[in-house]
Amino acid sequence: MSKFRFSVGPWNVHEGEDAFGPAVRKSIPFEDKVKKFKEIGISAVQFHDDDAVPDMNNLSEDQIKSRAKDVKSLLDEYGLEAEFVAPRLWMDPHTSDGGFTSNSKEDRDFAFWRAQRSVDIARTLGCDRIVLWLAREGTLCQESKDPVVGMERLVAGIDSILNYDPTIRVLIEPKPNEPIDRSFCPTIGHVIALARLTAAPDRVGGLIESAHAILAGLDPAVEMGFALANKKLWGVHLNDQNGMRYDQDKSFGAENLRQAFNQVMVLKNHGYGHNGEYIGLDVKTMRTQKIEVCYKHIENSMAVFKLLEKKVETFDIAKRDKLIKARDYEALDYYTISHLLGVE
Ligand code: XUL
Ligand code: MN
């Protein structure tokens, strides 16, 4: 049986709108999603700040905490935990030029406010992880932001979270593009270097999303290995992606099974999960799906992960080592493929 615990966000069951067409499914109430998550074997829910407290800009700080308490009661009722809270620093008009790196001081102050409210919400939900997907922290017009100043502002934003709560942890989720053109923090290497510039490097780590690594032209398992070697892999968003297109958030393993196998292998072989980390999914329901079958991408992703765990367990290490010794990597290539196909 899998020892891993899975998490997912309410946005992973969405209405199907995209940049070219409207919603195709009705909204499912949050409580119904939570109930279904529990039923299908999810252990924790991932939150944006306003997934937990909608309309939070118009609420006082006490009201925000009190709404978050209701969400915590709901999670308790269904026996689910909260994995993290991520400030949504990309939807509001105040964030059209970015959050922490906006050229407007008023907008940067708004981003600080939202980030600190995310900490309040996280604490109320019983978790100590803030995820920063830095959606608009970068440039559309390169000359609009000095890259050094951009980094300094990013660090100031992260510090505003670290200083607000002395034990909160920040997980940066890098992505090279979309919606921003040139991101200030495109890969896990950047995340780890950036962590060193903050007020509390030990409390800044990373969350790697498979699709984001692929969009950077990199291999997700190698990126995960880099973070694990640095003891900085505190979260993952497993999914899949067909090459260098828009961010697709496909079901885990749906495009490249061997790449998925290698992600499971590096996570399993290097103690991921031993400090309470979740196997987070960030998968999007296909627009074709009817509402009755709009959780299948989550169920399938978990099932594929577990099947690949078995493949890792039955991967013949002695055979691998023998082939490595003989430097016969063609044979190792073939063995891996035939193992995945169920032949060996
Ligand atoms: C965007 C993305 C986000 C973050 C959470 O590409 O992956 O859903 O995971 O804000
Ligand atoms: Mn993600």
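Start with the second largest cavity, whose lining has five nonpolar, two polar and three charged residues. Here Ala, Val, Leu, Ile, Met, Phe, Trp, Tyr, Cys and Pro count as nonpolar, Asp, Glu, Lys and Arg as charged, and the others, Gly among them, as polar. Select Trp-133, Leu-134, Ala-135, Glu-173, Lys-175, Asn-177, Glu-178, Ile-180, Ser-183 and Cys-185 to get the whole lining. The volume is about 50 Å³. A cavity is a set of points on a 1 Å grid over the protein atoms alone where a 1.4 Å probe fits but cannot get out; lining residues have an atom within 4 Å of a point. Grid points are joined across faces, edges and corners, and the volume is the space filled by probe spheres set on them.

Some ground rules before you click on. This is a predicted model, in which local features need pLDDT of at least 70 and side-chain atom pairs count only at pLDDT 80 or more, while totals for chains, interfaces and linings use all residues. Residues are numbered from 1 along each chain as its sequence is written, chains are lettered from A and ligands numbered from 1 in the order in which they are written, and side-chain values use heavy atoms, with hydrogens and water left out.

Stay with Glu-178 for a moment. A cis peptide bond joins Glu-178 to Pro-179, with omega at about 5°. Pro-179 sits in the loop between S6 and strand S7 (182-183). Helices (H or I, at least four residues) and strands (E, at least two) are DSSP runs, numbered from the N terminus.

Next, select Glu-173 together with ligand 2. The manganese ion (ligand 2) is coordinated by Glu-173 (OE), Glu-209 (OE), His-237 (ND1) and Asp-282 (OD), at 2.0 to 2.2 Å. Donors are N, O and S atoms within 2.8 Å of the metal (3.2 Å for Na, K and Ca); water is not among the atoms, so sites may look incomplete. What geometry does the site of the manganese ion (ligand 2) have? With six donor atoms and angles of 80 to 172° among them, the site is octahedral. That label requires opposite donors over 155 degrees apart and all others between 65 and 115. Glu-209 lies in strand S8 (residues 204-209) and Asp-282 in the loop between strand S10 (279-280) and helix H10 (296-313), so this pair ties together parts that are 73 residues apart in sequence. Colour by accessibility: Glu-209 is buried at 2% relative accessible area, and Asp-282 is buried too, at 8%. Buried means under 20% relative accessible area, exposed over 50%, and partly exposed in between (1.4 Å probe, protein chains only).

Now show S8 as a strand. Six of its six residues are buried. Val-204, Gly-206 and Ile-208 cover one side, and Gly-205, Leu-207 and Glu-209 the other. Strand S6 (residues 169-173) runs parallel to S8, joined by three bridges, with Leu-171 opposite Gly-205. Strand S9 (residues 233-237) also pairs with S8 in the parallel sense, over four bridges; there, Gly-235 is the bridge partner of Leu-207. Two strands pair if DSSP finds at least two bridges between them.

Then zoom out to the largest pocket, about 1,600 Å³ in volume. A pocket is an open set of points with protein on both sides within 12 Å along at least five of seven lines. Of its 50 lining residues, the closest to the centre are His-14, Glu-17, Asp-247, Asp-249 and Lys-284. H10 supplies the largest share of the lining, three residues. By class, the lining splits into 17 nonpolar, 13 polar and 20 charged.

Finish with two backbone stops. Most residues other than glycine have a negative phi. Lys-231, in the loop between helix H8 (220-229) and S9, has a positive phi near 55°. Arg-327, in the loop between helix H11 (317-325) and helix H12 (329-340), also has phi near 55°. Lys-231 is exposed at 67% relative accessibility, and Arg-327 is exposed with a relative accessible area of 67%.

Conventions:
Tetrahedral: all angles 85-135°; square planar, octahedral: opposite > 155°, others 65-115°.
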